Each structure stands twice: as structure tokens, then as C-alpha cells.
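This briefing covers voids and helix packing. Please read it alongside the sequence and the coordinates.

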Amino acid sequence: MHGGEKSDLAIVAGKPPNRAGPPAAEVAEPRAGAKGNVEQRNTHRTQCRESVLQSLGRIREAAKRDKQVRFTARLHHVTPTLLEWAFYRLKKAAAPGVDGVTWYHYEVGLADKLADLHGRIQRGAYRAQPSRRQYIPKPDGRLRPLGVAALEDKNVQRALVAVLNAIYETDFAGFSYGFRPGRIQHDALDALAAGLHRRKVRWVLDADIRAFFDTISHDWLMRFLEHRIGDRRVLRLIGKWLKAGVLEDGTWTEGTVGTPQGAVISPLLANVYLHYVYDLWVQQWRKCHARGEMIVVRYADDTIVGCQFEDDARRFLDNLRERLAAFALTLHPGKTRLIAFGRFAQASRRRHGHGRPETFDFLGFTHICAESRDGRFQLWRQSMRKRLRAKLAKIREELRRRLHQRIADQGQWLRSVVAGYFACHAVPTNRRSLSAFRYHVVQAWLWSLRRRSQRHNMPWDRMNRIVNAWLPPAVISHPWPSQRFDVKHPRQEPSALAAQARICAGRAG
């Protein structure tokens, strides 16, 4: 906390003086704050937050009242107050873009910079800068291209995303979970588990769109945005970001298709694109063409569709290929599968003397058909092995880099890593994977400590004391998915399940 913030908090709370003297009227007399823009920023950040939320709330109510209205004046909501609100929600340690400006550098003289930025936005003089190309490894060993935007572009995008979210969050389907405020991947996993347990699902389609972010059509995207956005200035602003291109090794490439992964606005644009290409279409397909029950869960470009009948699933897959092709998208042939899955598929395979149904991966977990102790169907979710191995490889590499650090420093870092992994993966039925992960982390740490010297002095009894002092135990911290699902969506009437459960539930045949 800055010194100015401490002073302001003392003023608000009416902090008494250290000595209780006669002049009682001066008990809450303010002290002089820090010089510069630190005091100015901290004294009104709470008011800024309230005014921003009130403004966005009015947009949300207007969008909710009329699902067909086109908002013709939205750019005026991008005020200096909103830009400041957005700036303090950017990652402070994020890599700089092509301009080389970091968050801390931009914060100096922030008020003047935001006033100038706001003026350029309103009069149309704002120019988007190309993204800096950067590659990060994917779990399968390949490299994922990212576009690191300049800091001003991030700031403006974050502000505009807040305005557009207030509109589109009232439109997006309940089974859409990826990159939406207030929704995490476990909400999608819970909805999928509830649908597989409570619906008559026998076939599961695991579909993935090939290079989705790199193949989005700009023309179609702008058409979709025009359904709700009538402000030409907002559309031109988005067009500038789409066409800003990418700078890689000093070579600039114009943006003609796709949105750069890593840009603040890309997830929202991707959800808008799939809302019109996929979500609305799949809801109509379910009502008009499905003979049996059907569930749908989508997280970004990954979707799971469960069907009661095989012919429904195969017709849906064929129609989905045609639908995506009409909008310049294709399914990934290696990541799209139709398999028999669920309690009915498990019972059928048991009757015919076959083994368990095939498994599928979704959001970092392998989903498995299993049985509880009393013989009933149970969905097991275990951490994907390839991702677990990739995480362990990164830990070993980092331990080699930290080879000669103090044990306390290594333990503090490892505790944060293991606790973060457990926070995501400590779901019921996944205890074995958690224990295996912790075991291999201990083995890697022991190897690292023994490599400090040719005469290693780290017996197992001492290592166990170190491990117990720093690493958290492998315990299940998440509730059963159905329990959390029922808490968030308490209504369980069949007529209300589709709207409240956040799964797309089809009609019975």
C-alpha cells in the first residue's frame, strides 16, 4: 500500500491522534499526502469504481429490456474514468508490446496520458499499433502464437470490453462458459457432469475448431457486431485492432483474418462470433431436429455435445461441419470424435461383453465412465496425463535454475506451484493424480537438493520433514459437481433445467 493510501484511509476512518490533547475538534484533521499523481489517483478510486459500475449497469438493463435494440452511441461511455478503471485491471507484470512501454512506466503522469488518450479516441485520431509476435509452448510440444499488444491498446480494449460485456452478457447462451465474467472452467465441468448424470446421454461429440482464433472472418465478425452495435465509431475502433497486424522479427504482416491470441478484446470477439455461428444455431437445431435429449457445453472453441440417439449425434456432426464451413471455419479432424459414453453406453457395453466406453478430454480433465461402490454409474475426472507431465517438466526445469537457492526459497516457490495446481485439479475422483503429482514433485526436489554437492546429505527422513513443512497435502478441496451445480442453480424442475442449469437440454423423443 502506498503512503498516500495509508493517509487517505486514516482520514476516512477518523484516526485519533497519538496524544489526546485539548483541541478535540482536530481529531480527524487530515495530513498532507504524497506529492505527485499518487494522491490524486488514490483519493477517488472508490468513486471511480462506483460510477463505472453504475454506468455499465444502465447499459446492461437497456440491453436486457430489448434483445433487438442496436446501441447507436456507446463510445461516449469510454471516459477518462473508465480508462483509469481499465488501466488498474491490466496485469502489471505483463510483457510490453512493440512500443516497449510497461505498466509502471505508463503510470507516471497517468492522468495527463489518459486525458490525451481519451481525446484521441473521441476525435478519431487514435491509431492502433501492431501486436508483437511471441510464442509459448503448447502441451503437445508445439508453439502457440500470441500477439502482445501495446499498453495503450490494451487499456482501450479493456475499457471497451467492459462496455460491450454489459450488452452481450445479456445475449450469450447459458451453456457458453469461456472467457466470460463470473464464470470459470469448473462451472462448465459441473454443468457437463450434471448433464451426463441426469440426462439420457448415450453418445458424446467432442468437437474442436481448427485454428479458430487465426481463421475468424473479419467480414462476418463485423456483420455480427452490427446486430447490436450501431455506433460506427466503435466498429471502426474494432476494425483498427483487427487490421493492425503483427510485427515479427522486424517484419509487419497485415491482419486480414483472425484475432491475435493474447489481445484483451479477442476473447469477447470470439464469443460474439461463436454466439451467432454456433450457439443460436445449436439451440434451433435442438428444437427442430433432435429426436431425443441433448446437452451442450461450450468453452471458447471447445464444445461437448451429448445425444440420446446415435443418428441425432451423426446428423448433428454433419450439419455442424456444413454450418462452420459457411463461416470460414472447420473442425479439427484429430480432435473431433464421436464416442459412446455415459451410463446407458456403459450398461450396453457390459451386456455385450465389451469393456468400458472410450474416454474424452475436456478442460484439462480426462472423463471416464466408472462405477461407485454400490455399482451405480459414476463419472470420473482425472488430470490429463500429458498436461501433468508437461507441468512436471516445467517444475524440473525451474528447479535446475534454482539449484543453489536456499531451501526455504525453493519451498516457498514450490508451495505456491503445488497449491495452485491443487486448487484447479483437486476434484473428487482425482486423488490418485494429485498424489502422483505431489510424489513426482518431491522426487524432483530431492534430486535437485542432492545435486548441490557431490556428497549429498539429504536422507529421506530429513526430506520428509522438509516436504511436510512446505508442500500442501494431496486432499480433495472441490465438492462433487452435482452439489455445486445445485447450489448455483437451485431450480430442478424439468421445464426450468435448460434455462437455469446452463446446459442446452433437448426435448424427449
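**Pockets, cavities and helix packing**

The lining of the second largest pocket consists of four nonpolar, six polar and seven charged residues; Ala, Val, Leu, Ile, Met, Phe, Trp, Tyr, Cys and Pro count as nonpolar, Asp, Glu, Lys and Arg as charged, and the others, Gly among them, as polar. The model is predicted, with local features needing pLDDT of at least 70 and side-chain atom pairs counting only at pLDDT 80 or more, while totals for chains, interfaces and linings use all residues. Residues are numbered from 1 along each chain as its sequence is written, and side-chain values use heavy atoms, with hydrogens and water left out.

**Second largest pocket**

- The volume of the second largest pocket is about 370 Å³. Its lining has 17 residues, and Lys67, Thr170, Asp171, Phe172 and His275 are the closest to its centre.
- On a 1 Å grid over the protein atoms alone, a pocket is an open set of points with protein on both sides within 12 Å along at least five of seven lines, a cavity is a set where a 1.4 Å probe fits but cannot get out, and lining residues have an atom within 4 Å of a point.
- Grid points are joined across faces, edges and corners, and a volume is the space filled by probe spheres set on the points.

**Cavities**

- Four cavities of 30 Å³ or more are found in a search of the whole structure. The largest cavity has a volume of about 90 Å³.
- The lining of the largest cavity is made up of 14 residues, and Ser131, Gln157, Trp241, Pro260 and Ala263 lie nearest its centre. Helix H7 (151–168), helix H11 (232–243) and helix H12 (266–289) are the elements that give two or more residues to this lining; helices (H or I, at least four residues) are DSSP runs, numbered from the N terminus.
- By class, nine nonpolar, four polar and one charged residues line the largest cavity.

**H4 and H6**

- Helix H4 (residues 80–87) and helix H6 (residues 110–123) have axes that come within 9 Å and cross at roughly 120 degrees. Axes are lines fitted to C-alpha atoms, for helices over the stretch in contact, and angles run from 0 to 180 degrees between N-to-C directions.
- H4 and H6 are therefore oblique to each other; angles under 35 degrees count as roughly parallel, over 145 as roughly antiparallel, 65 to 115 as roughly perpendicular and the rest as oblique.
- Pro80, Leu83, Glu84 and Phe87 of H4 make the contact with Leu110, Leu114, Leu117, His118 and Ile121 of H6, where contact means heavy atoms within 4.5 Å. The contact of H4 with H6 has seven nonpolar, one polar and one charged residues.

**H15 and H16**

- The axes of helix H15 (residues 385–401) and helix H16 (residues 407–425) cross at roughly 170 degrees and come within 12 Å. H15 and H16 are therefore roughly antiparallel to each other.
- Leu388, Lys391, Ile395, Glu398 and Leu399 of H15 are in contact with Trp413, Leu414, Val417 and Tyr421 of H16. This contact has seven nonpolar, no polar and two charged residues.
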